[in-house]
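Let's take a walk through this model, starting with a side chain and moving on to some helix packing.

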Amino acid sequence: MHGEYKVPGGKLVVVDLDSEDGVLRNVRVAGDFFLEPDEAILAIDRALEGAPADTDAAGLAARIDAALPPGTHMFGLTSEGVGIAVRRALAHATDWTDYDWQLIHEPPRSPALHMALDEVLTAEVAAGRRPPTLRVWEWGAPAVVIGSFQSLRNEVDPAAAERHGIRVVRRISGGGAMFIEPGNTITYSLSVPDALVQGLSFADSYAYLDDWVLGALGDMGVRAWYQPLNDIATDAGKIAGAAQKRVVTGGGAVLHHVTMAYDIDADKMTEVLRIGREKLSDKGTKSAKKRVDPLRRQTGLSREAVIGRMIASFRNRYGLSEGRLTAEELTRAEELVESKFGTEEWTARVP
């Protein structure tokens, strides 16, 4: 069995092993990490040899930590990362490069249609009718997107939303509210087979699916890191939030989507989002000209250039061909807008 895991912000860990009579055998750990002293790698192999095959990643990490020689130094490697690679081997997890990735980056769509497209495309990936897909969104109108379980009245000031012409829509994933203005945010979705995240905990899958973004930001001079559970942060503070939805039909799939702040009108946001007022009340957002612009300011690049570099980074890592929505996918999404995402019943399902 073979498992791989890219430690977020670190290096690749590769594990080859057998499972015999419920225990690990012939364990060999490798990768492009740095480890001192040399004999530490043998200690890791010995620590995993004979471990019960149902040991979780934390338990495997504890065995490794107990076996490491005094003074061991790991660079780009963690004991937990080795444990995750073992779990992925046992789960027969796939790797990014096992797939032919497709990019969808089309003209602006309405907020409700974006919600529907996420559901449709992820279901298509689960059914095996669509390859794993990176979709970069273009917004056709301003919006507040609330999480599946958020209270509409607690999150949004309806009078302020109406005053600013902002539509409220509800997505299928959990998490917090997103304030959207076309041209001021960068949003993308990954619709991936469940096999890609096999062996990962729910929390670990967030950082794993966004590791490529950290690399792309680094190439643009932005030092970014994942802040559990679902935030991407920099020295300037949080710049992005992620959310997920699991699809269990067909072969299973995961929807992972992220909204990044490129250049946000903070005053307008705090007028519309009730919770935002509390979160930003101590951050000096009194001025009507105050903006939250970490990506614009830190990169010095246009929004289009940032998106272009993100796409290029993904393509260089994993391969990425140009794609488009099929007529059937678009029709199904439009039907879902009419029956679900564009309805008051769905938007106010948690009043």
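A polar atom of the Thr-133 side chain sits 2.7 Å from the backbone oxygen of Pro-131, where a polar contact is a pair of N or O atoms within 3.5 Å, one able to donate a hydrogen and the other to accept it, and neighbours in sequence count only if both atoms are side-chain atoms. Bear in mind that this is a predicted model, with local features needing pLDDT of at least 70 and side-chain atom pairs pLDDT 80 or more, while totals for chains, interfaces and linings use all residues. Residues are numbered from 1 along each chain as its sequence is written, and side-chain values use heavy atoms, leaving out hydrogens and water.

Thr-133 belongs to strand S7, residues 133-136 (strands are DSSP E runs of at least two residues, helices H or I runs of at least four, numbered from the N terminus). Thr-133 is buried, at 2% relative accessible area (buried means under 20%, with a 1.4 Å probe and protein chains only). Leaving aside residues up to four places away in sequence, Thr-133 touches Trp-101, Gln-102, Ile-104, Ser-189, Leu-190 and Ser-191 (heavy atoms within 4.5 Å).

Now for the helices. H4 (residues 111-127) and H13 (residues 327-341) pack at about 125°, axes 8 Å apart; axes are lines fitted to C-alpha atoms over the stretch in contact, and angles run from 0 to 180 degrees between N-to-C directions.

Key
Buried means under 20% relative accessible area, exposed over 50%, partly exposed in between (1.4 Å probe, protein chains only).
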